[in-house]
Amino acid sequence: MTRTVDDIMALAPVIPVLVIDRVEDAEPVARALVAGGLPALEVTMRTPVALDVMREMAKVPGAVVGAGTVLNPRQLDQALEAGAQFIVSPGLSEPLGKAAIASGIAFLPGIATAGDIMRGMDMGLERFKFFPAETSGGLPALKALAAPFHTVRFCPTGGIRPETAATWLAEPAVKCVGGSWIVPKGPVDPAKIEELARVAASLARPKT
């Protein structure tokens, strides 16, 4: 099933941003997140086992697995081969943008400035990751960017915490947020992950 980027952003108010170091953690983490109501799983390509983690998570019923921290067309190809259903990048380069668009994959590139957004819109893109959200000016900066680009919608990621996520989600231009707090560092505790996921899944979003 081919999903659009809007489909991915509508799955839940929070997309867990995952840095998984051990392949054996992939299945229990994915099961806990899906059970908690967060089916869109962004597996960052920051570890040597990321591609294998994606393959294992994709076997979990209900999981919609994507690749994060995709930096270039080579990594895009690797992620697609591993079965990624969406791609997230920290920024937007022309080679990666063109390759992602040509592949037809749901693509959420990172932006931080008006110029970034304009370059993305020139490629036909209108859905972006606002990154790094807090250190790029936070919610005031996003609101300022959203005003002239009224058709654009965002997934802010970077520095967002459980206590601030709802404030971000109350902004009409925000369709979802990315969060790394759902899966704490250290030994995997599926019950704790499911509990955190359930709380995150219950956060309200504006109707757009």
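Residues are numbered from 1 along each chain as its sequence is written. In this predicted model local features need pLDDT of at least 70, side-chain atom pairs count only at pLDDT 80 or more, and totals for chains, interfaces and linings use all residues, while side-chain values use heavy atoms, with hydrogens and water left out.

Reader: Happy to start with the open space: which residues are closest to the centre of the largest pocket?
Author: On a 1 Å grid over the protein atoms alone, a pocket is an open set of points with protein on both sides within 12 Å along at least five of seven lines, a cavity is a set where a 1.4 Å probe fits but cannot get out, and lining residues have an atom within 4 Å of a point. The largest pocket has a volume of about 540 Å³, a volume being the space filled by probe spheres set on the points, joined across faces, edges and corners. Of its 27 lining residues, the closest to the centre are V17, L18, V19, V183 and K185.

Reader: Which strands each supply at least two residues of that pocket's lining?
Author: Strands (E, at least two residues) and helices (H or I, at least four) are DSSP runs numbered from the N terminus. By class, the lining of the largest pocket has twelve nonpolar, eight polar and seven charged residues; Ala, Val, Leu, Ile, Met, Phe, Trp, Tyr, Cys and Pro count as nonpolar, Asp, Glu, Lys and Arg as charged, and the others, Gly among them, as polar. The suppliers in question are β1 (14-18) and β8 (177-179).

Reader: And which elements give two or more residues to the lining of the largest cavity?
Author: About 30 Å³ of space lies in this cavity. V5, I8, M9, F86, I87, A106, F107 and L108 line the largest cavity, giving eight nonpolar, no polar and no charged residues. The elements are α1 (5-9), β4 (86-89) and β5 (106-111).

Reader: What stands opposite G66 in β3?
Author: Five of the five residues of β3 (residues 64-68) are buried, with V64, G66 and G68 on one side and V65 and A67 on the other. Strand β2 (residues 40-44) pairs with β3 in the parallel sense over five bridges, where pairing takes at least two DSSP bridges. Opposite G66 stands E42.

Reader: Does T69 count as buried or exposed?
Author: T69 is found in the loop between β3 and α4 (73-81). T69 has a positive phi of about 55 degrees although it is not a glycine. At 17% relative accessibility, T69 counts as buried.

Reader: Which peptide bond is cis?
Author: P132 has its place in the loop between β6 and α7. With omega near -15 degrees, the cis peptide bond is the one from F131 to P132.

Conventions. Buried means under 20% relative accessible area, exposed over 50%, partly exposed in between (1.4 Å probe, protein chains only).
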